[in-house]
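Reader: I would like to go through the labels used for this protein and see what each one rests on. Please set the values against the cut-offs.

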Amino acid sequence: MHYISINLYRKVINHALSEGLERGFLENLPTSIDEISHLNAVPADHFFELHELLDNALGPGFSARVGQQMKIDDYGVLGLAWKTCSWVGEIFDRSERYFKLLSDSYVFKVEKHSDISKIYLLRDAHRRGLELSNEATFAATVVVLQAISDKEIFPTLVSFKHDEPKQLDSYKRAFQCPILFNQPHNFMSYRAEDLNARTAKADISINKFLLERVKEETKGIEIGANRIVTDTERLIKDALPSGIPSISSIAEILGMSNRTLTRRLSENGLTFRDLIQKKQEEVSKYLLKKSNPNLVEITFETGFSEQSAFNRAFKRWTGKTPVEYMNS
């Protein structure tokens, strides 16, 4: 059975209430309002039925309007992963790893070209509610990309497989680009330069590195090996939610070649792999001691793709399984 995160279900209900819907209208939902606080997810069909009811009650475009109200924090661990992306389009790399925590019904595919990139949502609609959910997903994507880029970037085209709604005002406000219906695929296209742009967070981090390097060079100061270790560790920690970073990606941000970074780390008797494992162990221990830890989330946060691989690595580091460590 397919499922949807309770966070998304709750968000849709709350926005419907904010648009003036009477609470009593929602009393007969398959998953009731009163049950929300006790659940982590709802059956996907309950979510789609909710979309159908609200589209009828609040008019065409509700899906686009609720998508515009999504915040990065509404996505839980996926949102946390987005916040540390280094470039805008990296959210789709991280979504591929994390969307299974949000729902098992989303599949994104990015088709990159030199000028325009297309983001496909490979989710065929077997009912109207799923079509509406697709609309909300695309509208929310616009909001998320703007949030992490800190710029008002919009798609160049949005394409839906389903029929055109009777009223398009909400869609035009959400996407601000041509919108096509009855098309072969669900996709959004963006300028490649927008998706390849550094995120606001990355710009701050990189600018800090560059300013410090310029200041040090003008004073004839050589960066110490300890400082290189600290900077590398911080960059590794930020990158782990996308998977284990390569030494070349870290060296590029530090303004070094792979060989230079390797040499500078060796001055402290360390290898790049040593630092990867150190940060994985530190992050996993910290997360395991938090209240209600989720092993699947921790697996992804520490750069692993499979929980079994995380479990083996953690046992190797600590001599305990993650569950044993949690209970110790």
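Author: A nonpolar core is a set of buried Ala, Val, Leu, Ile, Met, Phe, Trp, Tyr and Cys residues joined through side-chain atoms within 4.5 Å. Buried means under 20% relative accessible area, exposed over 50%, and partly exposed in between, with a 1.4 Å probe and protein chains only. This is a predicted model, in which local features need pLDDT of at least 70 and side-chain atom pairs count only at pLDDT 80 or more, while totals for chains, interfaces and linings use all residues. Residues are numbered from 1 along each chain as its sequence is written, and side-chain values use heavy atoms, with hydrogens and water left out.

Reader: Which residues have the most contacts inside the largest nonpolar core?

Author: They are Y9 and F175, in a core of 57 residues. Helix 6 (residues 128-149) gives the most to this core, with nine residues; helices (H or I, at least four residues) and strands (E, at least two) are DSSP runs, numbered from the N terminus. A second, separate core of 15 residues includes L235, I236, I253 and L254.

Reader: What does F175 touch, not counting residues up to four places away in sequence?

Author: Contact means heavy atoms within 4.5 Å. On that basis F175 touches E135, F138, A139, V142, F154, P155, V158, F160 and M188.

Reader: How many helices and strands does the protein chain have, and what percentage of its residues is buried?

Author: The protein chain has 16 helices and seven strands. Buried residues make up 50% of its 328 residues. Of the contacts with a separation of 6 or more, 66% are between residues 24 or more positions apart.

Reader: Why is E90 called buried?

Author: The relative accessibility of E90 is 6%, so E90 counts as buried under the 20% limit. E90 is found in helix 5 (residues 90-102). Apart from residues up to four places away in sequence, E90 touches C85 and S242.

Reader: Why does S32 count as buried?

Author: S32 has a relative accessible area of 18%, which is under 20%, and therefore S32 is buried. S32 is placed in the loop between helix 1 (6-18) and strand 2 (41-43).

Reader: What makes R273 and L122 partly exposed?

Author: R273 is at 38% relative accessibility, between the 20% and 50% limits, so R273 counts as partly exposed. L122 is at 46%, which also falls between those limits, so L122 counts as partly exposed. R273 sits in helix 13 (residues 272-288) and is in contact with I244 and Q280, leaving aside neighbours within four places in sequence. L122 sits in the loop between strand 4 (116-121) and helix 6. Leaving aside neighbours within four places in sequence, L122 is in contact with V107 and K109. The C-alpha atoms of L122 and K109, 13 residues apart along the chain, are separated by 7.3 Å.

Reader: Why is Q176 called exposed?

Author: The relative accessible area of Q176 is 52%, which is over 50%, so Q176 is exposed. Q176 lies in the loop between helix 7 (169-175) and strand 6 (179-180). Q176 is not a glycine, yet has a positive phi of about 50°. N182, another residue other than glycine, has a positive phi near 55° and lies in the loop between strand 6 and strand 7 (187-191).

Reader: What makes helix 11 roughly perpendicular to helix 12?

Author: Helix 11 (residues 247-254) and helix 12 (residues 258-266) pack at an angle of about 90°, with their axes 9 Å apart. The angle lies in the 65 to 115 range, so helix 11 is roughly perpendicular to helix 12. I247, S248, I250, A251 and L254 in helix 11 meet N258, L261 and T262 in helix 12.

Technical notes:
Axes fitted to C-alpha atoms, helices over the stretch in contact; angles between N-to-C directions. Parallel < 35°, antiparallel > 145°, perpendicular 65-115°, else oblique.
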